[in-house]
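The following exercises are to be worked with the sequence and the coordinates at hand. Each task is followed by a solution in steps.

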Amino acid sequence: MSLHKFYKKKEDGEQQHKYKKVDLNALPVDPFEWPSIDFYHVNQRDEISRTYFQIGPFHPLNREFAPHDFGGKPQRFIQSWFDDNKYWLEYSIKQDAAFCLCCYLFKSSIPNQGGSDHFVKSGFKAWNRKSGIDNHKEGTPHTIVVQKCQSLMNQRQSTASAFEKQTTL
C-alpha cells in the first residue's frame, strides 16, 4: 500500500513554496527601512540577527540632528546618547527617530510582553525626554532581549570553538 494516495498531487503549474535566501550584504542600514524580523524566513533569522548585531547599531557620526519644537523649545537627538547606549541605541536618518537594535531582533519572541513599540516600529522621537531612553533601557523586555542577543553571539562563539576543537583533534 502506498502513502501517495493520501496526499494531493501538485498540479504542473502550482508553485512550491521556497524561500529566497537573503543576501546578508544587502540588508538595509537605516533601522526605519528594516522589515519586521518575522518577515524573514525562520531558517535564516538567526543568521540575519547575528549579522545585524555584528554590524552594530546605526550611529550616524558627525551629524547635525534636526531640531523639533517641544513646548516652544527646539529639542534634538544628542550624539552623546550613543555613548551611554552604544550596543543597542541607533538612529534613523529617514525617520529622525531612535530605535533599539536588540528589541528589533528579539521583541517578537517574548510572549505576553506589553509595552510600547516606539523603539522597534515607529521610533522614539521625544527628544525633550531623555528619560524615555533610560526607562526603555531599564525595562524588563529590553533586559530580556539584551540577554537573548548575548546568548545568540555566545552560541556562535561556542559553536565555532567546538568546531575548531573537533577539527584540530
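Two residues are in contact when heavy atoms of theirs lie within 4.5 Å. The model is predicted.

**Exercise 1.** Determine what share of the contacts in the chain with a separation of 6 or more joins residues 24 or more positions apart.

*Solution.* Begin with the order of elements, which from the N terminus reads α-β-β-α-β-β-α-α-α-α. This order comprises six helices and four strands. Next, take the contacts with a separation of 6 or more: 61% of them are between residues 24 or more positions apart.

**Exercise 2.** State which residues of helix 1 are buried, and what follows this helix.

*Solution.* Helix 1 covers residues 45–55. Its buried residues are I48, S49, R50, T51 and Y52. After the helix comes G56, with a positive phi near 95°. For the chain as a whole, 32% of the 169 residues are buried.

**Exercise 3.** Locate I93, explain why I93 is classed as partly exposed, and list its contacts beyond four places in sequence.

*Solution.* First, I93 sits in the loop that links strand 3 (89–92) to strand 4 (97–100). Third, once neighbours within four places in sequence are set aside, I93 contacts D30, F58, P60 and R63. Finally, consider F58: its C-alpha is 9.5 Å from that of I93, although 35 residues separate the two in sequence.

Terms used. Residues numbered from 1 in each chain as written. Predicted model: local features only at pLDDT ≥ 70, side-chain atom pairs only at ≥ 80, totals over all residues. Heavy atoms only, no water. Helix = DSSP H or I, 4+ residues; strand = E, 2+ residues; numbered from the N terminus. Buried < 20%, exposed > 50% of the residue type's maximum accessible area, 1.4 Å probe, protein only.
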